[in-house]
Amino acid sequence: MSSTVRVTPVTVPSEGRMIRVDHLKKMFGGFAALDDISFEVKKGEIFGLLGPNGAGKSTTLRILSTLARPTAGTATIGGYDIVKQDNEVRKLVGIVSEKMIMYDRLTAKENLWFFGSLFDIPADTLNERIDELLELVQLTKWKTSLVGTFSTGMRQRMNVIRALLNMPQVLFLDEPTLGLDPQSSVEIREFVRKLNREREATIIVTTHTMVDADILCDRIGIIDHGKVVALDTSANLKRLVSGGNGTVLKLDVPNLTPALVESVRKVDNVRSISQDNSTHLKVIATGDDAFDNVVDAVRKNGGKIASMENVQPTLEDVFLHLTGHEVRDTADRKIPLERHGRFMGGHSRIR
Ligand SMILES: Nc1ncnc2c1ncn2[C@@H]1O[C@H](COP(=O)(O)OP(=O)(O)O)[C@@H](O)[C@H]1O
Ligand SMILES: [Mg+2]
């Protein structure tokens, strides 16, 4: 245990740092949900935690928002220790998570009033704030409508402003676009940006959706099996794949067979390979002769190449490149909670 738990002085955080996560670890029985993660988030930054289901994203946010305690390691928010100064931390943070409750039989305003009264906010102020927040997410018209009649997108907007009632400087958003239609997702992303711009809120957003991470976040931490495997801007992360002499090749092979895929995998240049559908292959390869060698391998094994292109890497490719498996391998499957730890342990795919 690396935890000589440091007593953090109650001072202004050093040069623009808002969040500091230091060798954080969380055990559930013998299973490490968080395995020694460290990172820092600057004031006013939108920071993304990207990773598949079970990676440890929610656990990280729960610990940072004082809803759960770390097994080892420390973290500070605005200079305050999340364990020793949890009351101070709570004044600074708001969290939006999948599991938030809204009361269907109360109106929008009544819900917000209920949750707002849990904080130490004078009634007048709270009233004003509720109106302001409803306006911010364009729900003023539905102020006195029952939340039970709201669409998923409207409920999610309610969830977000609920976390803003105490005007937090730091906002944690756990999968804010999960289960939303594309239009609502766009609205939530716009709103997160607006909050960040207009209120200078520091934001950590978790997601297993590449688009969210890519277009929303200033920097992205890629998390897998409780470890941060890379952390940088989207552009720099993509350079991990394409930089040097890396390349992403997309091939359409109408007569693709598993044997053919295996023969391409064996090419020395090939770092990773994934199959989008029955005929499409995506190959991440390195070396000047990568293109030629991949084509040769396909042809030598009787494959016909209908088309082939050299594409820009996506964050999906970055994840594949770093971990050897795809985000969607786990993210698209609803695996019962109790099975996560045991079955997600290896890098093998679940079929
Ligand atoms: N209360 C808990 N008890 C046991 N295991 C848990 C608990 N909460 C989370 N886990 C496990 O910890 C791992 C990380 O979970 P979580 O942080 O929810 O991942 P993510 O949010 O990235 O999907 C998963 O394997 C999950 O099953
Ligand atoms: Mg989660």
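Two strands are taken as paired if DSSP finds at least two bridges between them, and helices (H or I, at least four residues) and strands (E, at least two) are DSSP runs numbered from the N terminus. The model shown is predicted: local features need pLDDT of at least 70, side-chain atom pairs count only at pLDDT 80 or more, and totals for chains, interfaces and linings use all residues. Residues are numbered from 1 along each chain as its sequence is written, with chains lettered from A and ligands numbered from 1 in the order in which they are written.

**View 1. The protein chain as a whole.** The protein chain has 13 helices and 14 strands. Of its 351 residues, 38% count as buried (20 or more other C-beta atoms within 10 Å of the residue's own; exposed, 12 or fewer; partly exposed, in between; C-beta atoms are placed from the backbone). Among contacts (C-beta atoms, placed from the backbone, within 7 Å) between residues at least 6 apart in sequence, 70% join residues at least 24 apart.

**View 2. The sheet S2-S1-S4-S5.** These four strands make an open sheet in the order S2-S1-S4-S5, with antiparallel pairing. S2 and strand S5 (80-81) stand at its edges with a single partner strand each, so one side of each has no neighbour in the sheet. Strand S1 (residues 17-28) runs antiparallel to strand S2 (residues 31-42), and nine bridges join them. Lys 25 has Asp 35 of S2 as its bridge partner.

**View 3. The largest nonpolar core.** A nonpolar core is a set of buried Ala, Val, Leu, Ile, Met, Phe, Trp, Tyr and Cys residues joined through C-beta atoms within 7 Å. The largest one here has 79 residues, and Ile 77, Phe 172, Ile 203 and Val 283 have the most contacts inside it. Both domain 1 (14-232) and domain 2 (237-343) give residues to this core, so it lies between them; the domain bounds come from an automatic or database domain assignment. Leaving aside residues up to four places away in sequence, Ile 77 touches Met 18, Ile 19, Leu 64, Ile 82, Val 89, Leu 92, Val 93 and Val 170.

**View 4. Strand S9 and its partners.** Five of the six residues of S9 are buried, so the strand is largely enclosed by the rest of the structure. Strand S3 (residues 46-50) runs parallel to S9 and is joined to it by four bridges; Phe 47 has Arg 219 of S9 as its bridge partner. S9 also pairs with S10, in the antiparallel sense over five bridges, and here Gly 221 stands opposite Leu 231 of S10. Two residues separate S9 and S10 in a hairpin, and His 225 in the turn has a positive phi of about 50°.

**View 5. Helix H8 and its surroundings.** Ser 234, Leu 237, Lys 238 and Val 241 are buried in helix H8 (residues 234-242). Seen down the axis of H8, these buried residues fall within an arc of 100°, so they line one face of the helix; the arc is that of the directions from the helix axis to the C-beta atoms. Their cover includes helix H7 (210-216), strand S9 (219-224), strand S10 (227-232), strand S11 (246-252), strand S13 (280-286) and helix H11 (315-323).

View 6. The open sheet has four strands in the order S12-S13-S11-S14, with antiparallel pairing. Strand S12 (270-275) and strand S14 (307-311) stand at the edges, each with a single partner strand, so each has one side without a neighbour in the sheet. From one strand to the next the twist averages 20° (axes are lines fitted to C-alpha atoms, for helices over the stretch in contact, and angles run from 0 to 180 degrees between N-to-C directions). S11 and S13 pair in the antiparallel sense over seven bridges, with His 280 in S13 as the bridge partner of Asp 252. H11 packs on the sheet and touches S11, S12 and S13; its direction makes about 125° with that of S12.

View 7. Met 167 is not a glycine, yet has a positive phi of about 45°. Met 167 is found in the loop between helix H5 (152-162) and strand S7 (170-174), and counts as partly exposed with 15 C-beta neighbours inside 10 Å. Glu 175, also a residue other than glycine, has a positive phi near 50°. Glu 175 lies in the loop between S7 and helix H6 (182-199) and is buried, with 20 other C-beta atoms within 10 Å.

Technical notes. Two residues are in contact if their C-beta atoms, placed from the backbone, lie within 7 Å.
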